[in-house]
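Hi,

Here is the structure I promised to pass on to you. Have a look at it first, and my notes on the salt bridges follow below.

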Amino acid sequence: MPRKSDARGGRSGRRGRPQGRRRGNTPEFREPARVIVTAVAAQGDGLADLADGRRLFIPFAAPGDEVDVLIGPSRGDGFEARIETFVARGPRAEPFCAHFETCGGCSVQHLSEVDYHAWKRGILVQALARRGLHPEVDEIEALPRDGRRRVTFQALGTAKGAILGFAQRRGHHLIDLDACPLVRPELNALLAPLRDVLAGLLESGERARIALARVEGPEGPAIDMVVERDREPDLAAREVLADFARDQGLARLSWRDADGHCEPVAHLSPVAATFGPAPVDLPPGGFMQPTAAGEEILRRAVLAGAEGAQRIVELYAGAGTFTMALAKGRHVHAVDADDALTRALAGSAGRAGLGGRISAETRDLAARPLLASELKDADTAVLDPPRAGAKAQVAEIIGAPNIRRVVMVSCNPQTFARDLSLLTDGGFDLVGPVTPVDQFPWSHHLECVAVLTRA
């Protein structure tokens, strides 16, 4: 989600309305047209074609809609258009969030269930097809609507209090939220008291980011919070934050400075994630999958894909989302750029008696991928890279002839398809269907899993 906000003003307006001044250079929408929407584009806009061949991108339009629009500025290979009037409506759903169309988090709550699932799966199918890949793709598996357990809110101090929420759609102002229907109820419950605390901590015009995570550990759920602001907190601010953590029952509240360093302000109970036979003590703000249900689907897919492996190199392993389960009966070498995560993983493996089967290494794989010569002891590679993908690392895997199997996990269908194409060009074959996992519902983001082997 966008990280910046130039909003100002208080909460005197309708909750959910963007707060702040209007920007100049507003795009002009002047040319009228009547069109029928035939499909949904990758970003969630309705698609329609004019008789002269121009393509229109129409926000909040659904297949089957007949609409009068005003055509505006060029965008990509077409033009953006704005709905003026509905002549006829195709199958649609009633948006379940009052902030839909203003908040930048969701783009397609108006689609029917059938159109939504077809669109979401189609994002992956089209990304693969553009790379010349046409594997079977599983149907989208629905996840609980309010399952988001990791979320980052934006905050802004104003003369009338604090604004707390998400950036507006295609803009920089903030939408002041009471709750997000995609987020776990325990995290939504913190918004009101957090807004009150931030009103006293943020100067007018000052911004902050609040990362919240609900972590499932052996002692039950724990809430971890990280506050990020450029200005260092003084003693009074630290005391206010510590009191907030105690009053709201948080397990831990930390401060992240402008350099990314995290310092616990209050650590009241363990923050441990259960990924397998042993809990992992997560560092402040430590990465985990956004939903528990999605994580379990990914883990099952990765384990099935790695079946028969003896020695695994797990790249971009994080704190061990898949590592503990993969290590059952075999050796796993886990690598990640985040030293705090790899240390947490190594410590957990040692406590569980898995030190002989799990080794951990801190390494920036984008800047310094494991070379083919360093992969000679592994027969299987499991990768879960960030959105930029793993192009350099994939090239080294192709050059390591002993690696016969690759399990690829990705949160970006475009770089996922690129990396799969490189692997297939390098002698690997896709095995079985590609699995899409909808961990980011009602947005264009999608998780994917594929398995490849070579003779």
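Please keep in mind that this is a predicted model. I went through it for salt bridges, and a search of the whole structure turns up 35 of them.

Let me begin with Arg299 and Glu296. Their closest N and O atoms lie 3.0 Å apart, forming a salt bridge. Both residues sit in helix α5 (residues 292-305), and because they are three residues apart there, about one helical turn separates them. How exposed is each partner? Arg299 is buried, at a relative accessible area of 10%, while Glu296 is partly exposed, at 33%.

Next come Asp45 and Arg169, whose side chains meet in a salt bridge with an N to O distance of 3.2 Å. This pair links distant parts of the chain, 124 residues apart: Asp45 is in the loop between β3 (39-40) and β4 (46-49), and Arg169 is in the loop between β9 (161-167) and β10 (174-176). Asp45 has 2% relative accessibility, so it counts as buried, the cut-off being under 20%.

The last pair is Arg418 and Asp419, with a salt bridge between their side chains at 3.0 Å, N to O. Asp419 is buried at 1% relative accessibility, and Arg418 is buried as well, with a relative accessible area of 17%.

Best wishes

Methods
Residues are numbered from 1 along each chain as its sequence is written. This is a predicted model: local features need pLDDT of at least 70, side-chain atom pairs count only at pLDDT 80 or more; totals for chains, interfaces and linings use all residues. Side-chain values use heavy atoms; hydrogens and water are left out. A salt bridge is a side-chain nitrogen of Lys or Arg within 4 Å of a carboxyl oxygen of Asp or Glu. Helices (H or I, at least four residues) and strands (E, at least two) are DSSP runs, numbered from the N terminus. Buried means under 20% relative accessible area, exposed over 50%, partly exposed in between (1.4 Å probe, protein chains only).
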